[in-house]
Amino acid sequence: MGKVGVALAAGCAAAACVVAAVMVGRSVRRRRGWRRVVRVLEELEEGCATTVGRLRQVVDAMAVEMHAGLASEGGSKLKMLLTYVHDLPTGNEKGIYYALDLGGTNFRVLRVKLGGQRCIIEHDVDLQPIPQHLMTSSSVELFDFIATSLKDFVEREENISEPSQRERRELGFTFSFPVKQTSSSSGTLMKWTKGFSIEDAVGRDVSQCLQEALSRKGLDMQVTVLINDTVGTLALGHYHDEDTVAAVIIGTGTNACYLERADAIIKCQGLLTTSAGMVINMEWGNFWSSHLPRTPYDAELDADSPNPNDQGFEKMISGMYLGDIVRRVILRMSQESDVFGPVSSKLHEPFILRTPMVAAMHEDDSSNLNEVAQILKDTLEIPDVPLNVRKLVVKVCDVVTRRAARLAAAGIVGILKKIGRDGNSGMTGGKTKGGSRIKMRRTVVAVEGGLYANYTMFREYLNEAMRQILGEDVAPYVILNVTNDGSGIGAALLAASHSASTITENTNFIVI
Ligand code: BGC
């Protein structure tokens, strides 16, 4: 070989070495990067751990806080609000009633025709998105908008079907925010949740705000009941199944209500002398306990929210927040390594990843996880994510959703414990000390909200946790029943059962 040949060969060898070194370097970096994101995932799993032991601690804490919230005003972060709903629909209600359901990004108006004998003859619904600017405007603007839509709906409906027989149309108003009720048809807004923030409405009677807006628009309609969406769900659940004792919503926000004995509501003794019980709106979204598995992502989400230190349970469970927890984890992973490529600016945008997208990624059953790739690309502008990284994203969705579902299950069992239906208390217990069996009472909890109704993995995790906490002997007696549109239909049912014209024939005082 001549000199030139030797030089050429040496050059090629050197180039090959450089290429090899670059490739080795890249693969070492890739491996290190991969190890770092796996570590982030492991930390997340540890932080979100919900062993059955921990869930039982949450159950106990929920029951303790319920007692404290019933004992005195401000006694707990659980507000345990009085609803003044002492009686639930019997099934005998008849007539045409309207309902207005405000509690999320949409509001709905309904016209419900009841035929007695637990028969809902007709039910027409109109759904409208609330323009974003109205969620932070003034109460007059918001209520005028709602009253106008309601008036249009009533006029449309009464043109095509028979008008209401009553002198004055009656309306059940579902307002799904914390309200301090002064009666079953009035109450003042305590605070906003779920992204609403209309300062001048806080402290005002929302029923009156609506009634005034209806008068301004010339609509002759009476707000017969003002309720929380959980109470509507309980009313509908109870209408179909009298063993229904509680209702839970797991949607954009989360909350629960249940039937409580009057003598257990210590903070208002004297007020309740004529009734056996009352529905209590727990506002469980604000529940807090040191046993809740909290991660740095939860702390950051809370600090960045418009209501820090508030709605802690809701921020771990509900649809408004799960997507944003997942976004924060992916951002951290992306900052820790380049497995997602350069950090996408979209990862810094709060609430860009919505919970339905988390559900779609979590439940992607294609072999290549095409849906995951699509959502990462379209929503987070992260293209070409390799399969192993897509799997990692699915795992993040799984961890965050599983924790949420299991905590919601612990919350439900907490309520059952408080009312002696968890199989461990007194006469409802599954077994006596001697081991002989005691008859359990069938206990139904009405459940609504997209997370439970439409997100299969969430529902399965929640059901599984219920069985684990309650145990195989007791779990079969506890039935979670998905109701459909309790927040709307339930409001119409309660308007009917609280209507002056039907109150005597339809009263079904709560017997606990
Ligand atoms: C509200 C509750 C409501 C729940 C479900 C929460 O943010 O505070 O009043 O019941 O969302 O809609």
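**Figure 1. Overview of the predicted model.** The protein contains 15 helices and 13 strands, and the structure shown is a predicted model. Of its 512 residues, 55% are buried, and the accessible surface amounts to about 21,600 Å², with 52% of that area belonging to carbon and sulfur atoms. When contacts between residues at least 6 apart in sequence are considered, 72% of them join residues at least 24 apart. The structure also holds 32 salt bridges, and several of these are taken up in the views that follow.

**Figure 2. Close-up of the salt bridge between Arg108 and Asp485.** The closest N and O atoms of Arg108 and Asp485 are 2.4 Å apart. Because Arg108 belongs to strand 3 (residues 106–115) while Asp485 sits in the loop between strand 13 (478–482) and helix 14 (486–497), the pair ties together parts that are 377 residues apart in sequence. Arg108 is buried, at 15% relative accessibility, and Asp485 is likewise buried, with a relative accessible area of 11%.

**Figure 3. Close-up of the salt bridge between Arg156 and Asp126.** In this pair, the closest N and O atoms are 3.3 Å apart. The bridge links distant parts of the chain, with Arg156 in helix 3 (residues 139–160) and Asp126 in strand 4 (residues 120–129), 30 residues apart. Arg156 has a relative accessible area of 44% and is therefore classed as partly exposed.

Figure 4. The side chains of Lys395 and Asp398 meet at 3.8 Å, taken from N to O. Both residues lie in helix 11 (residues 387–418), and because they are three residues apart, about one helical turn separates them. Lys395 is partly exposed, with a relative accessible area of 33%, whereas Asp398 is buried, with a relative accessible area of 12%.

Figure 5. A positive surface patch is formed by Arg31, Arg32, Arg35 and Arg36. One of these residues, Arg35, is found in helix 1 (residues 3–47), and its relative accessibility of 54% places Arg35 among the exposed residues. A network of salt bridges links Arg39, Glu42, Glu43, Glu46, Arg332 and Glu336.

Figure 6. Tyr84 is found in the loop between strand 1 (81–82) and strand 2 (94–102), and it is buried, with a relative accessible area of 19%. Although Tyr84 and Gly277 are 193 residues apart in sequence, their C-alpha atoms are 9.4 Å apart in space.

How values were computed: Residues are numbered from 1 along each chain as its sequence is written. This is a predicted model: local features need pLDDT of at least 70, side-chain atom pairs count only at pLDDT 80 or more; totals for chains, interfaces and linings use all residues. Side-chain values use heavy atoms; hydrogens and water are left out. Patches are made of residues with over 30% relative accessible area and no salt bridge: like charges are joined within 9 Å, nonpolar side chains (Val, Leu, Ile, Met, Phe, Trp, Tyr) within 5 Å. Accessible areas come from the Shrake-Rupley method with a 1.4 Å probe; for residues, only the protein chains shown count as cover. A salt bridge is a side-chain nitrogen of Lys or Arg within 4 Å of a carboxyl oxygen of Asp or Glu. Lys and Arg count as positive and Asp and Glu as negative; His and the chain ends are not counted. The place of a charge is taken as NZ of Lys, CZ of Arg, CG of Asp or CD of Glu. Helices (H or I, at least four residues) and strands (E, at least two) are DSSP runs, numbered from the N terminus. Buried means under 20% relative accessible area, exposed over 50%, partly exposed in between (1.4 Å probe, protein chains only). Contact means heavy atoms within 4.5 Å.
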